Structures are given as C-alpha cells and as structure tokens.
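Here's a quick briefing to read alongside the model. Keep the structure open while you go through the points.

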Amino acid sequence: MRRIDPSAGRQAVQDWCADPQVPRPTLATAVRYTLEELGLQAPGRSVEVRVPPFGAVQVIEGTTHRRGTPPNVVELSAATWLAMVVGDLAWADAEESGDLRASGGRADLSAYLPLLPRRPVRS
C-alpha cells in the first residue's frame, strides 16, 4: 500500500524540477514518493537507500537484512537523490563528487536511474 498519493508525488517532483528551492513539505513528498517508486521497480530487501531526514527504503532482491547496519547501504541528500531520479545527475558523477555514499557489493542503483526522467521542454 502506498503512503504517498501518486498524483501528489508526481506533482511534488515536477514542482522540484521547476524550482529546487521548494518548501520542505513539497521536498519531503517528492523524496518519499520517489523512494516508494524505487521500491516498486526494484522490490527486495538487500539494499537500504537512505535520504535523511525524509525516508529510507529497502530494495533489490537478494539476501534479506533484518537487524543492525545493512551490508548494502546508499545514503545521499534529498537534492542529490532527486537530481538522480530525474536524470540531472549520473550515479558515477554523484559518487565521484562525494554526494553519494554507497557501501556493499549490491549498492549500485545506476540500473534503476533515472527513475522519472524529466520531460523534455518543448519549444
């Protein structure tokens, strides 16, 4: 069951795309919605994706983790996460710049990103 209404989530992502300085509640909705979407597209519990303070999700099939620090963790800011979700920032670039911290052999999510590519601007 979804916690974030898909239409509200998509709108929050579009609002963020138009202006990354959106109000905190809009940012939270965009992050939580996209984490839910990732969970739907990459079901499983072998990798934990953390976007503090807004949310976390466990994804990708494989060894299930139940207690303590998971062996496969991805942690990044809301701005970095959303930039990757819409295709403005590549996984390798975020990792190289230090904006993304990933540990564990399964913690590469590049196959799932961009999750919601930006719509091309029509002229």
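**Briefing: a helix glutamate, the sheet and the salt bridges**

E36 sits in helix 2, residues 24–41 (helices are DSSP runs of H or I with at least four residues, strands are runs of E with at least two, and both are numbered from the N terminus). Keep in mind that this is a predicted model, where local features need pLDDT of at least 70, side-chain atom pairs count only at pLDDT 80 or more, and totals for chains, interfaces and linings use all residues. Residues are numbered from 1 along each chain as its sequence is written, and side-chain values use heavy atoms, with hydrogens and water left out.

- E36 has 19% relative accessibility, so it counts as buried (buried is under 20% relative accessible area, exposed is over 50%, and partly exposed is in between, with a 1.4 Å probe and protein chains only).
- Leaving out residues up to four places away in sequence, E36 touches R2, R3 and I4 (contact means heavy atoms within 4.5 Å).
- A polar atom of the E36 side chain lies 2.8 Å from the backbone nitrogen of R3.
- Next comes E37, whose side chain meets that of R2 in a salt bridge at 2.3 Å, N to O (a salt bridge is a side-chain nitrogen of Lys or Arg within 4 Å of a carboxyl oxygen of Asp or Glu).
- That pair links distant parts of the chain, with E37 in helix 2 and R2 in the segment before helix 1, 35 residues apart.
- E37 counts as buried at 11% relative accessibility, while R2 counts as partly exposed at 32%.

- Strand 1 (residues 47–51) runs antiparallel to strand 2, joined by 5 bridges.
- Strand 1 pairs with strand 3 in the parallel sense over 3 bridges.
- Strand 1 is largely enclosed by the rest of the structure, because 4 of its 5 residues are buried.

**Salt bridges on the sheet**

- The structure holds 6 salt bridges, and one of them joins the side chains of E48 and R50 at 2.6 Å, N to O.
- E48 counts as buried at 15% relative accessibility, whereas R50 counts as partly exposed at 23%.
- R50 stands opposite E75 in strand 3 and forms a salt bridge with E75, the closest N and O atoms being 3.8 Å apart.
- With R50 in strand 1 and E75 in strand 3, the pair ties together parts that are 25 residues apart in sequence.
- Salt bridges that share partners join E48, R50, E75 and R101 into one network.

Conventions. A polar contact is a pair of N or O atoms within 3.5 Å; within protein, one must be able to donate a hydrogen and the other to accept it, and residues adjacent in sequence count only if both atoms are side-chain atoms. Two strands pair if DSSP finds at least two bridges between them.
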